[in-house]
Amino acid sequence: LIPLLAKNKDITVKNIDLLGSMGMIRFNFLHPPFNNEKMRQALLYMVNQQDYVIGIAGDPKNGFPCYSYFTCGTPLSSEIAAEPLKGKRDLEKAKQLIKEAGYKGEKIVIIDATDQPIVHAQSLLTLDILKKMGLNAEIQAGDWGTLITRRAVKEPVEKGGWSIFHTWLVGPDMANPAINYPMRGIGEKSWFGWPTDPKMEELRNAWFDATDPGMQKKLIDDMQRHGWESVPFIPTAQFIVPTAYR
């Protein structure tokens with residue numbers, strides 16, 4: 001995929017390395033409380049991406065905030081309607097949305113993998129946010145193998161399910177609607193979390209059909225705008241993990 005991206009006139013070989021990876025908070029859409037979009041929206045006003053940059057990458061120079069559902073540094077990156085995530089952190093707004101959602105104290109379970117530093121750092125940061133919001137949240141930790149097994153469970157948390165998990169995808173995998181699978185909204189055929197979002201699917205299909213670049217860009221902006229309402233996931237940071245080989 002990287003050689004193909006390198007042929008794109010808007011992406012140089014030099015800055016492909018800077019695409020890095022994108023961390024994310026992924027919700028379970030099947031069960032309370034995150035089957036309510038206002039609960040998902042509430043976290044947008046609390047997530048501080050710079051905290052996640054430091055938590056994931058250690059050194060701030062190895063990451064940066066990215067207020068886009070498509071990889072920053074690529075042609076389709078857009079900050080349209082991203083103010084809830086990009087603006088001033090607002091606990092009162094978050095609590096207002098929680099109240100509007102009718103949260104009843106349901107337990108929120110973050111499944112964590114302590115042998116994956118990128119996952120573990122995000123889990124700890126998100127737990128702290130949920131506690132500040134007054135939510136009944138806890139981490140249930142294991143290893144990565146346990147996490148990827150458990151995230152396939154569609155039962156509620158009382159029967160071994162989950163509410164949130166964290167992961168990351170490499171930047172090129174989130175560069176456009178064709179391959180950005182966490183944005184899909186096809187119910188139980190969606191990626192883990194299983195959102196049902198007919199409007200997102202309609203916009204995605206229209207993007208495939210569009211032949212005019214201007215219309216394609218408008219549809220991308222519409223997908224971004226709708227994404228901040230439906231919140232299929234929350235981008236936590238774009239980062240690189242320096243690695244040495246010999």
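## Trp194 and the aromatic rings

Trp194 is placed in the loop between strand 5 and helix 9 (198-209); helices (H or I, at least four residues) and strands (E, at least two) are DSSP runs, numbered from the N terminus. The model is a predicted one, in which local features need pLDDT of at least 70 and side-chain atom pairs count only at pLDDT 80 or more, whereas totals for chains, interfaces and linings use all residues. Residues are numbered from 1 along each chain as its sequence is written, and side-chain values use heavy atoms, with hydrogens and water left out.

With a relative accessibility of 5%, Trp194 counts as buried; buried means under 20% relative accessible area, exposed over 50%, and partly exposed in between, for a 1.4 Å probe and protein chains only. Trp194 also belongs to a cluster in which ring pairs link Trp162, Phe165, Tyr181, Trp191, Phe192 and Trp194. Rings of Phe, Tyr and Trp (its six-membered ring) pair if their centres lie within 6.5 Å; planes under 30 degrees apart count as stacked, over 60 as edge-to-face, and the rest as tilted.

In total, the structure holds 11 aromatic pairs.

The strands include an open sheet of 6, in the order 2-6-1-5-3-4, with mixed pairing. Its edge strands are strand 2 and strand 4 (137-142), each of which pairs on one side only. Strands of a sheet pair through backbone hydrogen bonds, either parallel or antiparallel. Here two strands are said to pair if DSSP finds at least two bridges between them.

Strand 5 (residues 164-170) has 5 of its 7 residues buried, so strand 5 is largely enclosed by the rest of the structure. Strand 1 (residues 21-27) runs antiparallel to strand 5 and is joined to it by 7 bridges. Within this pairing, Ser21 stands opposite Val170 of strand 5, and Arg26 stands opposite Phe165 of strand 5. Strand 3 (residues 108-113) pairs with strand 5 in the parallel sense, over 2 bridges. There, Ile110 has Ile164 of strand 5 as its bridge partner.

Helix 7 lies across strands 1, 3, 4, 5 and 6, running at about 160 degrees to strand 3. Axes are lines fitted to C-alpha atoms, for helices over the stretch in contact, and angles run from 0 to 180 degrees between N-to-C directions. Two packed helices are described by the angle between their axes and the distance between the axes. For helix 4 (residues 49-57) and helix 7, the angle is about 145 degrees and the axes are 8 Å apart. At this packing, Asp51, Tyr52, Gly55 and Ile56 of helix 4 meet Ile118, Ala121, Gln122, Leu125, Thr126 and Ile129 of helix 7.

Gln122 is located in helix 7 (residues 117-132) and is buried, with a relative accessible area of 0%. Leaving aside neighbours within four places in sequence, Gln122 is in contact (heavy atoms within 4.5 Å) with Gly23, Met24, Tyr52, Ile56, His166, Thr167 and Thr236. The side chain of Gln122 makes a polar contact with the side chain of Thr236, at 2.7 Å. A polar contact is a pair of N or O atoms within 3.5 Å; within protein, one must be able to donate a hydrogen and the other to accept it, and residues adjacent in sequence count only if both atoms are side-chain atoms.

## Backbone features

Most residues other than glycine have a negative phi, and most peptide bonds are trans. Trp194 has a positive phi of about 60 degrees although it is not a glycine. Val231, also not a glycine, has a positive phi of about 55 degrees. Val231 is found in the loop between helix 10 (213-230) and strand 6 and is buried, at a relative accessible area of 0%. Pro32 and Pro33 are joined by a cis peptide bond, with omega about 5 degrees; Pro33 lies in the loop between strand 1 and helix 3 (37-44).

## An exposed position

Thr149 is part of helix 8 (residues 144-150) and, at 56% relative accessibility, counts as exposed. The C-alpha atoms of Thr149 and Met183 are separated by 21 Å, the two residues being 34 residues apart along the chain.
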